[in-house]
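Q: Can we go through this one together? I'd like to cover cores, helix packing and salt bridges.
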Amino acid sequence: MKGVGRAVSGVLLAAGWVAMLPAGGAELDEVRRRGELVWAADQEGGGPHVYPDPADPRTLAGFEVEFAALLANELGVRPRFQQGQWDRLPLLLGQSVDCVINGIELTPERRRDYHCSRPYFGYALQLIGRRDAPPAAAADVAGTGPSGAWRIGVLSGSAAESEMRGLVARGAAQAEVVGYDGTLDSLEQVRTGVLDAALMDDCIFTFYADRFASLRAVDRPFAGGLYTVLSARDTPLLAAAIDEAIGRLIADGRLKSLYDRWDLAGRQQMLLLRDATEIPAARQRSLLELVSQTLPLLLASAGMTVLLSCAAFPLAIVVGLAVAIGRMYGPAWLRPLLTGYVEVLRGTPLMLQLYAIFFLLPKIGLALPALVAAIAGLALNYSAYESEIYRAGLKAVPPGQFEAALALGLSKWQALRYVLVPQAVRVVMPPVTSDFIALFKDTSVCSAITVIELTKRYSVLALTTGRIVELAVVTALLYLAMSWPLALLSRWFERRLERPAGGRP
Amino acid sequence: MIGIESLSKLRSGVAVLDRVSLAGPAAAVTALVGPSGSGKTTLLRCLNGLETFEAGAITIAGHRLTPGPHAAEVLVQLRRDVGMVFQQFNLFPHLSVLDNVALAPRLVGRLAGAEARRRAGALLERVGLSSFTAARPGTLSGGQQQRVAIARALAMQPRVMLFDEPTSALDPGMTREVLDVIVGLARAGQTMVVVTHDHAFAKQAANWVVELAEGRVARQGTAAEVL
């Protein structure tokens, strides 16, 4: 009887739970009750879409800011902006965000995974180069560049990226495609000569052309597509309301005059939107298909993670040891300099250091390839931590050891090399190993300077395929397969050190 | 072989050695005695340049030390000829017993590895430890460790040996084996300076005893005269 009672109360509980869930479509009432339409965009993406107003950086400017305001007004509510990273914006849907408005291109994958509104803007892809350098025409990228393959920058996860990668895959372009987190990053890298060209939505270059006077549009724009407002699959009423609102904004000319105010050729935009054809939704792939298509890419990126860690860490150890020795035994003038080195590198974020190496050094004529910049940045950053560990290790060696070595006639450097450092290394082995595992995970920061390692590859694939959970499991397994041997190694070191060395009787 | 002339050393403005002179025979076994804090160890450390001094002069094994910092080359030359054994042994725990003894001949004496190890093996035999060559120092008893330290200091064939309270850190049962080695060296004619609290040992081995008190020489003479 007791068991039946429990089952009945379980069913009642479940029924109550279902009753508490918002019925499909209740989300529109929720927006109206709240009085706010929460829309997400990335202000780092820049103009003319959404960017901090130069006159007052606390407020936002951009044609999409005004578009969002019009849209919210049509729904009878106020707009509220939510910041997010551009290629992860759709992940915010269904959490705290009602819709995404940020130059989101209408694609078959997005049609499958989200509610895509009717288009509100048409874009074309424009190739940007330097005035004094090739490519002279867009068709030139089909041949080889000045030094082998062209280096072409794109916004990570954008239509420009998939268009460019598609051209490369079809053999219509010989290019290394480099993905950036911000649009301006790639223009900056074209200016400094790190890239040959960048591919982006034409309106972006039109907006920033004055700031990059040494750059020019190569040829006419090619390819292109439409921007859509994304909302979650389970909010059909909100999606319908957005569609109707856009329809009214187009019909009564408010959208056209908005685009004219922003120099975005309102008349042409209206013609584009009128002729826009429906894009079909993509087919859902089977798990086997998904894994077989993405695993090679994930494995290659895991290789990058290993390469970054294994190249950077030995450098960090050597530099860190040199810095520790310099601070403890070096000449007096050197010590404050090395202390400054450690404090600056420990006290500033790794991300900023990578930016400085990758984006600032080219301005003084030292352009490092992204991989070299990433390894150098990781090695420098970690050398500061390693030097502190070694300093502690050297301090843990009893002072009598140094004196005994000197008393035998060893020079200061011989005493360090043969007596102090070997003992310090034994002491610091466990913390150094655990730092290696930390560095291994920190390599994901390198995606900020276009190095695609495992985490970045995962987030790009998860967004383009929409299979966030399945790919997360595969990626986590790959990380585990790499960090497990490291954990074993560190345990082996610990066992070695725990082995009785024999205390003094 | 050892001369100390009016040596003075200050530490934080206080004289820890005050016009110390050695009046005894130059080539001999000299014992430094006196209460704790009387300056014995400091004086010994001045003799191989681990400490500097403010006034006076030292001549030792043909080298002359003057007040102020010593040049690195002077110290390296000096320490080839002056060996030192510490109270706490200070053996290198990451090296085997044999490598502890062979390190200086190899690095400082520039002997080939095999030759340095052969010399180390012979010295370990002399201090009665030839069966412990492969052991780590930490696995040895205190008396054994101190004998390794003596062999290590002897490996550079120094003209003078300095001992800083070589048995103070040892259990009473182990002092004898160490003292026997030192007495054996003394009998073989090794010039040495020994800081010690052990008057019986001083009487047995030393032909000159210096008693320090508060940084000054209180008395010096033969063991029979001072002790």
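Predicted model: local features only at pLDDT ≥ 70, side-chain atom pairs only at ≥ 80, totals over all residues.

Q: Cores to begin with. How many residues has the largest nonpolar core?
A: It has 165 residues. Phe67(A), Tyr120(A) and Leu255(A) have the most contacts inside it. A nonpolar core here is a set of buried Ala, Val, Leu, Ile, Met, Phe, Trp, Tyr and Cys residues joined through side-chain atoms within 4.5 Å. Buried means under 20% relative accessible area, exposed over 50%, and partly exposed in between (1.4 Å probe, protein chains only).

Q: Which helix gives the most to this core?
A: Helix α11 of chain A, residues 287-329, with twelve residues. Helices are DSSP runs of H or I with at least four residues, strands are E runs of at least two, and both are numbered from the N terminus.

Q: What lies apart from that core?
A: Another core, of 45 residues. Among them are Val29(B), Val85(B), Val194(B) and Ala205(B).

Q: Back to α11(A). How do its axis and that of α14(A) cross?
A: At roughly 45°, and the axes come within 5 Å. Helix α14(A) covers residues 370-396. Axes are lines fitted to C-alpha atoms, for helices over the stretch in contact, with angles from 0 to 180 degrees between N-to-C directions. That angle makes α11(A) oblique to α14(A). The classes are roughly parallel under 35 degrees, roughly antiparallel over 145, roughly perpendicular from 65 to 115, and oblique for the rest.

Q: What's in that contact, by class?
A: The contact of α11(A) with α14(A) has 24 nonpolar, three polar and five charged residues. Ala, Val, Leu, Ile, Met, Phe, Trp, Tyr, Cys and Pro count as nonpolar, Asp, Glu, Lys and Arg as charged, and the others, Gly among them, as polar.

Q: And between chains: at what angle do α16(A) and α3(B) cross?
A: Roughly 150°, with the axes coming within 12 Å. So α16(A) is roughly antiparallel to α3(B).

Q: New topic. How many salt bridges over all chains?
A: The count comes to 35. The rule is a side-chain nitrogen of Lys or Arg within 4 Å of a carboxyl oxygen of Asp or Glu.

Q: Which residue does Glu403(A) form a salt bridge with?
A: Arg45(B), the closest N and O atoms being 2.5 Å apart. Glu403(A) lies in helix α15 of chain A and Arg45(B) in helix α1 of chain B, so the pair joins two chains.

Q: Are those two buried or exposed?
A: Glu403(A) is partly exposed, at 22% relative accessibility. Arg45(B) is buried, at 14%.

Q: Which residues are linked with them in a network?
A: Lys9(B), Arg11(B) and Glu51(B) are in the salt-bridge network with Glu403(A) and Arg45(B). Arg11(B) pairs with Glu51(B), the closest N and O atoms being 3.4 Å apart. Arg11(B) lies in strand β1 and Glu51(B) in the loop between α1 and β4 of chain B, so the pair ties together parts that are 40 residues apart in sequence.

Key:
Residues numbered from 1 in each chain as written. Chains lettered and ligands numbered in written order. Heavy atoms only, no water.
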